Amino acid sequence: MAEDGVTFVARDAQLQRLDGLLDRALGGRTTVCFVTGEAGAGKTALVREFGRRAELEHELLVRASGACSAFSGDADPYLPFRDILAQLTGSSDSKVAEGALTRESAGRLARTLRKTSAALVEYGPALAEIFVPGAEVAAKLGKSVVRRSLPPRDRDAGGVDQGQIFEQYTNVLRRVAADSPLLLVVDDLHWVDPASVGLLFHLARRLGDAPILFVGTYRPQDVALGRDGDRHPMEMVVAELKRLMGEVVVDLDAAADAEDRELLDALIDVEPNRIGEDFRRALMARTDGHPPV
(Lines give C-alpha, C1' and ligand atoms only; values in the text may rest on other atoms or scores of the structure.)
Protein backbone atom coordinates (compact mmCIF):
# COMPACT_ATOMS: atom_id res chain seq x y z
CA MET A 1 0.00 0.00 0.00
CA ALA A 2 1.47 3.34 -1.03
CA GLU A 3 1.14 6.53 0.97
CA ASP A 4 -2.29 8.21 1.20
CA GLY A 5 -4.08 4.96 0.45
CA VAL A 6 -2.88 4.56 -3.14
CA THR A 7 -2.16 0.95 -4.05
CA PHE A 8 0.82 0.26 -6.29
CA VAL A 9 0.34 -2.75 -8.54
CA ALA A 10 2.99 -4.97 -10.19
CA ARG A 11 6.38 -3.70 -11.45
CA ASP A 12 8.11 -6.07 -9.02
CA ALA A 13 10.96 -6.80 -11.43
CA GLN A 14 11.57 -3.10 -12.06
CA LEU A 15 11.46 -2.27 -8.35
CA GLN A 16 13.96 -5.04 -7.65
CA ARG A 17 16.22 -3.66 -10.35
CA LEU A 18 16.11 -0.21 -8.77
CA ASP A 19 16.73 -1.75 -5.35
CA GLY A 20 19.89 -3.36 -6.70
CA LEU A 21 21.11 -0.06 -8.12
CA LEU A 22 20.44 1.66 -4.79
CA ASP A 23 22.40 -1.05 -2.98
CA ARG A 24 25.32 -0.38 -5.33
CA ALA A 25 25.15 3.34 -4.54
CA LEU A 26 24.90 2.76 -0.79
CA GLY A 27 27.92 0.50 -1.07
CA GLY A 28 29.98 3.51 -2.12
CA ARG A 29 29.60 3.88 -5.86
CA THR A 30 27.64 6.76 -7.33
CA THR A 31 25.10 5.25 -9.73
CA VAL A 32 22.86 6.67 -12.44
CA CYS A 33 19.88 4.99 -14.05
CA PHE A 34 17.08 6.03 -16.37
CA VAL A 35 13.47 4.83 -16.27
CA THR A 36 12.08 5.12 -19.78
CA GLY A 37 8.71 4.61 -21.42
CA GLU A 38 6.09 6.32 -23.51
CA ALA A 39 3.64 8.79 -21.99
CA GLY A 40 1.40 6.94 -19.54
CA ALA A 41 3.78 4.00 -19.08
CA GLY A 42 4.03 4.69 -15.34
CA LYS A 43 7.55 6.12 -15.06
CA THR A 44 6.72 8.69 -12.42
CA ALA A 45 4.56 6.30 -10.39
CA LEU A 46 7.30 3.66 -10.38
CA VAL A 47 10.01 6.08 -9.28
CA ARG A 48 7.87 7.59 -6.54
CA GLU A 49 6.95 4.17 -5.18
CA PHE A 50 10.58 3.11 -5.29
CA GLY A 51 11.53 6.24 -3.35
CA ARG A 52 8.84 5.62 -0.73
CA ARG A 53 9.97 2.04 -0.20
CA ALA A 54 13.63 3.05 -0.14
CA GLU A 55 12.92 5.52 2.66
CA LEU A 56 11.22 2.80 4.68
CA GLU A 57 14.20 0.49 4.31
CA HIS A 58 17.04 3.01 4.75
CA GLU A 59 16.51 5.41 7.62
CA LEU A 60 19.37 7.74 6.71
CA LEU A 61 18.43 8.07 3.02
CA VAL A 62 17.45 11.58 1.89
CA ARG A 63 15.38 12.05 -1.27
CA ALA A 64 15.00 15.15 -3.44
CA SER A 65 13.59 15.63 -6.93
CA GLY A 66 13.54 18.06 -9.82
CA ALA A 67 11.84 18.19 -13.20
CA CYS A 68 12.65 19.61 -16.61
CA SER A 69 10.15 21.89 -18.33
CA ALA A 70 8.77 21.83 -21.86
CA PHE A 71 8.08 25.57 -21.68
CA SER A 72 11.28 27.12 -20.33
CA GLY A 73 13.82 24.81 -22.00
CA ASP A 74 17.23 26.36 -22.68
CA ALA A 75 16.11 29.69 -21.23
CA ASP A 76 16.01 28.23 -17.71
CA PRO A 77 19.39 26.52 -17.19
CA TYR A 78 19.93 23.99 -14.37
CA LEU A 79 16.19 23.97 -13.57
CA PRO A 80 15.95 20.44 -12.11
CA PHE A 81 19.20 20.84 -10.19
CA ARG A 82 18.02 24.16 -8.78
CA ASP A 83 14.91 22.33 -7.58
CA ILE A 84 17.04 19.67 -5.90
CA LEU A 85 19.34 22.12 -4.17
CA ALA A 86 16.39 24.21 -3.03
CA GLN A 87 14.89 21.14 -1.36
CA LEU A 88 18.20 20.25 0.24
CA THR A 89 18.22 23.74 1.74
CA GLY A 90 14.69 23.57 3.09
CA SER A 91 12.13 24.24 0.33
CA SER A 92 10.15 21.02 -0.11
CA ASP A 93 6.51 22.00 0.55
CA SER A 94 5.56 22.32 -3.12
CA LYS A 95 7.01 18.90 -3.96
CA VAL A 96 5.05 17.30 -1.13
CA ALA A 97 1.87 19.03 -2.33
CA GLU A 98 2.27 17.68 -5.86
CA GLY A 99 3.16 14.18 -4.64
CA ALA A 100 6.76 14.13 -5.83
CA LEU A 101 7.94 13.75 -2.22
CA THR A 102 6.36 12.23 0.86
CA ARG A 103 5.96 13.90 4.22
CA GLU A 104 8.72 11.58 5.40
CA SER A 105 10.95 12.95 2.63
CA ALA A 106 10.27 16.51 3.77
CA GLY A 107 11.08 15.63 7.36
CA ARG A 108 14.42 14.13 6.40
CA LEU A 109 15.27 17.14 4.25
CA ALA A 110 14.48 19.42 7.18
CA ARG A 111 16.72 17.41 9.48
CA THR A 112 19.67 17.74 7.09
CA LEU A 113 19.13 21.47 6.47
CA ARG A 114 21.89 22.74 8.73
CA LYS A 115 24.50 20.35 7.31
CA THR A 116 23.46 21.07 3.73
CA SER A 117 23.54 24.82 4.28
CA ALA A 118 26.98 24.60 5.87
CA ALA A 119 28.20 22.53 2.91
CA LEU A 120 26.80 25.12 0.53
CA VAL A 121 28.70 27.92 2.26
CA GLU A 122 31.95 25.96 2.55
CA TYR A 123 32.03 24.08 -0.76
CA GLY A 124 29.59 25.88 -3.05
CA PRO A 125 29.69 29.64 -2.44
CA ALA A 126 29.08 30.40 -6.11
CA LEU A 127 25.93 28.24 -6.04
CA ALA A 128 24.18 30.11 -3.24
CA GLU A 129 22.97 32.94 -5.45
CA ILE A 130 22.71 30.97 -8.71
CA PHE A 131 20.87 27.83 -7.55
CA VAL A 132 19.12 28.90 -4.36
CA PRO A 133 17.09 32.13 -4.11
CA GLY A 134 19.02 34.61 -2.01
CA ALA A 135 16.05 35.29 0.25
CA GLU A 136 15.79 31.61 1.17
CA VAL A 137 19.48 31.32 1.92
CA ALA A 138 19.35 34.52 3.95
CA ALA A 139 16.44 33.22 6.01
CA LYS A 140 18.42 30.13 6.98
CA LEU A 141 22.02 31.31 7.20
CA GLY A 142 21.91 35.07 7.21
CA LYS A 143 22.52 37.19 4.10
CA SER A 144 25.85 38.46 5.41
CA VAL A 145 27.20 34.92 5.87
CA VAL A 146 26.40 34.02 2.27
CA ARG A 147 27.80 37.28 0.93
CA ARG A 148 31.02 36.93 2.87
CA SER A 149 31.47 33.43 1.49
CA LEU A 150 31.44 34.65 -2.13
CA PRO A 151 34.65 35.89 -3.73
CA PRO A 152 33.95 39.32 -5.28
CA ARG A 153 34.11 38.13 -8.88
CA ASP A 154 31.65 35.34 -8.15
CA ARG A 155 28.88 37.49 -6.68
CA ASP A 156 27.42 37.90 -10.13
CA ALA A 157 26.30 34.65 -11.81
CA GLY A 158 27.86 35.93 -15.00
CA GLY A 159 31.28 35.84 -13.35
CA VAL A 160 31.21 32.10 -12.66
CA ASP A 161 32.26 29.71 -15.39
CA GLN A 162 30.48 26.44 -15.93
CA GLY A 163 33.40 24.32 -14.77
CA GLN A 164 33.37 26.07 -11.40
CA ILE A 165 29.62 25.54 -11.07
CA PHE A 166 29.99 21.84 -11.86
CA GLU A 167 32.82 21.34 -9.36
CA GLN A 168 31.08 23.20 -6.55
CA TYR A 169 27.81 21.34 -7.06
CA THR A 170 29.77 18.07 -7.00
CA ASN A 171 31.56 19.02 -3.78
CA VAL A 172 28.34 20.05 -2.03
CA LEU A 173 26.60 16.77 -2.89
CA ARG A 174 29.66 14.78 -1.83
CA ARG A 175 29.71 16.51 1.57
CA VAL A 176 25.98 16.04 2.16
CA ALA A 177 26.09 12.38 1.11
CA ALA A 178 28.92 11.70 3.56
CA ASP A 179 26.33 11.98 6.35
CA SER A 180 23.11 11.16 4.50
CA PRO A 181 23.01 8.96 1.37
CA LEU A 182 21.06 10.65 -1.41
CA LEU A 183 18.37 9.53 -3.85
CA LEU A 184 18.06 12.30 -6.45
CA VAL A 185 15.34 12.15 -9.09
CA VAL A 186 15.16 14.19 -12.31
CA ASP A 187 11.92 13.82 -14.26
CA ASP A 188 11.19 14.52 -17.95
CA LEU A 189 14.78 14.52 -19.22
CA HIS A 190 13.45 14.59 -22.79
CA TRP A 191 12.95 18.34 -22.08
CA VAL A 192 16.32 18.85 -20.38
CA ASP A 193 18.32 22.02 -20.96
CA PRO A 194 21.96 21.72 -22.14
CA ALA A 195 23.41 23.04 -18.86
CA SER A 196 21.61 20.37 -16.85
CA VAL A 197 22.76 17.62 -19.22
CA GLY A 198 26.34 18.73 -18.73
CA LEU A 199 25.97 18.87 -14.96
CA LEU A 200 24.35 15.43 -14.79
CA PHE A 201 27.15 13.87 -16.81
CA HIS A 202 29.80 15.64 -14.73
CA LEU A 203 28.24 14.42 -11.48
CA ALA A 204 27.99 10.85 -12.77
CA ARG A 205 31.71 10.81 -13.58
CA ARG A 206 33.14 12.84 -10.70
CA LEU A 207 31.21 11.83 -7.60
CA GLY A 208 32.88 8.42 -7.66
CA ASP A 209 32.48 6.75 -4.26
CA ALA A 210 29.75 9.04 -2.89
CA PRO A 211 26.61 7.09 -1.86
CA ILE A 212 24.27 8.75 -4.36
CA LEU A 213 21.73 7.27 -6.76
CA PHE A 214 20.44 9.47 -9.58
CA VAL A 215 17.22 8.30 -11.22
CA GLY A 216 16.12 10.09 -14.39
CA THR A 217 12.98 9.57 -16.46
CA TYR A 218 12.40 10.29 -20.13
CA ARG A 219 10.32 9.32 -23.15
CA PRO A 220 12.64 7.43 -25.54
CA GLN A 221 10.69 8.39 -28.65
CA ASP A 222 11.26 12.08 -27.91
CA VAL A 223 14.97 11.50 -27.38
CA ALA A 224 15.21 9.47 -30.60
CA LEU A 225 13.59 12.30 -32.58
CA GLY A 226 16.25 14.77 -31.47
CA ARG A 227 15.80 18.53 -31.54
CA ASP A 228 15.54 20.63 -34.67
CA GLY A 229 17.34 18.01 -36.69
CA ASP A 230 20.16 17.57 -34.16
CA ARG A 231 20.79 14.60 -31.89
CA HIS A 232 19.15 14.88 -28.50
CA PRO A 233 21.79 15.55 -25.81
CA MET A 234 20.49 12.66 -23.70
CA GLU A 235 21.28 10.18 -26.46
CA MET A 236 25.03 10.67 -26.09
CA VAL A 237 24.91 10.86 -22.29
CA VAL A 238 23.02 7.57 -21.95
CA ALA A 239 25.34 5.84 -24.41
CA GLU A 240 28.44 6.98 -22.53
CA LEU A 241 27.02 6.06 -19.11
CA LYS A 242 26.19 2.61 -20.43
CA ARG A 243 29.82 2.26 -21.42
CA LEU A 244 31.02 3.39 -18.00
CA MET A 245 28.43 1.74 -15.74
CA GLY A 246 26.84 -1.07 -17.71
CA GLU A 247 23.10 -1.23 -18.40
CA VAL A 248 21.56 1.90 -16.89
CA VAL A 249 18.09 1.86 -18.50
CA VAL A 250 14.92 0.40 -16.98
CA ASP A 251 12.66 0.19 -20.05
CA LEU A 252 8.99 0.09 -19.07
CA ASP A 253 7.83 -0.26 -22.68
CA ALA A 254 9.83 -3.47 -23.12
CA ALA A 255 8.62 -4.74 -19.76
CA ALA A 256 5.02 -4.01 -20.73
CA ASP A 257 5.43 -5.90 -24.02
CA ALA A 258 6.74 -8.94 -22.17
CA GLU A 259 3.94 -8.81 -19.61
CA ASP A 260 1.28 -8.41 -22.32
CA ARG A 261 2.68 -11.34 -24.26
CA GLU A 262 2.66 -13.49 -21.11
CA LEU A 263 -1.00 -12.59 -20.55
CA LEU A 264 -1.91 -13.35 -24.15
CA ASP A 265 -0.24 -16.78 -24.00
CA ALA A 266 -2.03 -17.55 -20.75
CA LEU A 267 -5.40 -16.63 -22.28
CA ILE A 268 -4.83 -18.70 -25.42
CA ASP A 269 -3.50 -21.68 -23.53
CA VAL A 270 -6.41 -22.01 -21.10
CA GLU A 271 -7.36 -25.00 -23.26
CA PRO A 272 -4.99 -27.24 -25.22
CA ASN A 273 -4.52 -25.87 -28.75
CA ARG A 274 -2.24 -25.76 -31.77
CA ILE A 275 -2.12 -22.00 -32.14
CA GLY A 276 1.34 -21.13 -33.39
CA GLU A 277 3.79 -18.30 -32.94
CA ASP A 278 2.79 -16.45 -36.13
CA PHE A 279 -0.80 -16.10 -34.98
CA ARG A 280 0.24 -15.01 -31.50
CA ARG A 281 2.52 -12.29 -32.87
CA ALA A 282 -0.17 -11.13 -35.28
CA LEU A 283 -2.70 -10.91 -32.44
CA MET A 284 -0.27 -8.87 -30.34
CA ALA A 285 0.25 -6.49 -33.25
CA ARG A 286 -3.47 -6.24 -34.02
CA THR A 287 -4.34 -5.41 -30.42
CA ASP A 288 -1.46 -2.93 -30.12
CA GLY A 289 0.17 -5.02 -27.41
CA HIS A 290 -2.97 -5.22 -25.27
CA PRO A 291 -4.51 -8.69 -25.61
CA PRO A 292 -8.27 -8.78 -25.09
CA VAL A 293 -9.47 -9.99 -21.68
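How many of the residues of H3 are buried? In this predicted model, eight of the ten are, which leaves the helix mostly covered. H3 spans residues 79-88 and includes Asp 83.

**Asp 83**
- Beyond its neighbours within four places in sequence, Asp 83 contacts Ser 65, Gly 66, Ala 67 and Lys 95.
- Cys 68 lies 15 residues away from Asp 83 along the chain, and the two C-alpha atoms are 9.7 Å apart.

**Burial and the end of H3**
- The buried set in H3 consists of Leu 79, Pro 80, Phe 81, Ile 84, Leu 85, Ala 86, Gln 87 and Leu 88.

**Packing of H3 against H11**
- H11 covers residues 194-206, and its axis comes within 8 Å of the axis of H3, with a crossing angle of roughly 60°.
- H3 is therefore oblique to H11.
- On the H3 side, the contact is made by Leu 79, Pro 80 and Phe 81.
- These residues meet Ser 196, Leu 199, Leu 200 and Leu 203 of H11.
- Sorted by class, the contact between H3 and H11 comprises six nonpolar residues and one polar residue, with no charged residues.
- Leu 79, Pro 80 and Phe 81 are also among the buried residues of H3.

Technical notes:
Residues are numbered from 1 along each chain as its sequence is written. This is a predicted model: local features need pLDDT of at least 70, side-chain atom pairs count only at pLDDT 80 or more; totals for chains, interfaces and linings use all residues. Side-chain values use heavy atoms; hydrogens and water are left out. Helices (H or I, at least four residues) and strands (E, at least two) are DSSP runs, numbered from the N terminus. Contact means heavy atoms within 4.5 Å. Buried means under 20% relative accessible area, exposed over 50%, partly exposed in between (1.4 Å probe, protein chains only). Axes are lines fitted to C-alpha atoms, for helices over the stretch in contact, and angles run from 0 to 180 degrees between N-to-C directions. Angles under 35 degrees count as roughly parallel, over 145 as roughly antiparallel, 65 to 115 as roughly perpendicular and the rest as oblique. Ala, Val, Leu, Ile, Met, Phe, Trp, Tyr, Cys and Pro count as nonpolar, Asp, Glu, Lys and Arg as charged, and the others, Gly among them, as polar.
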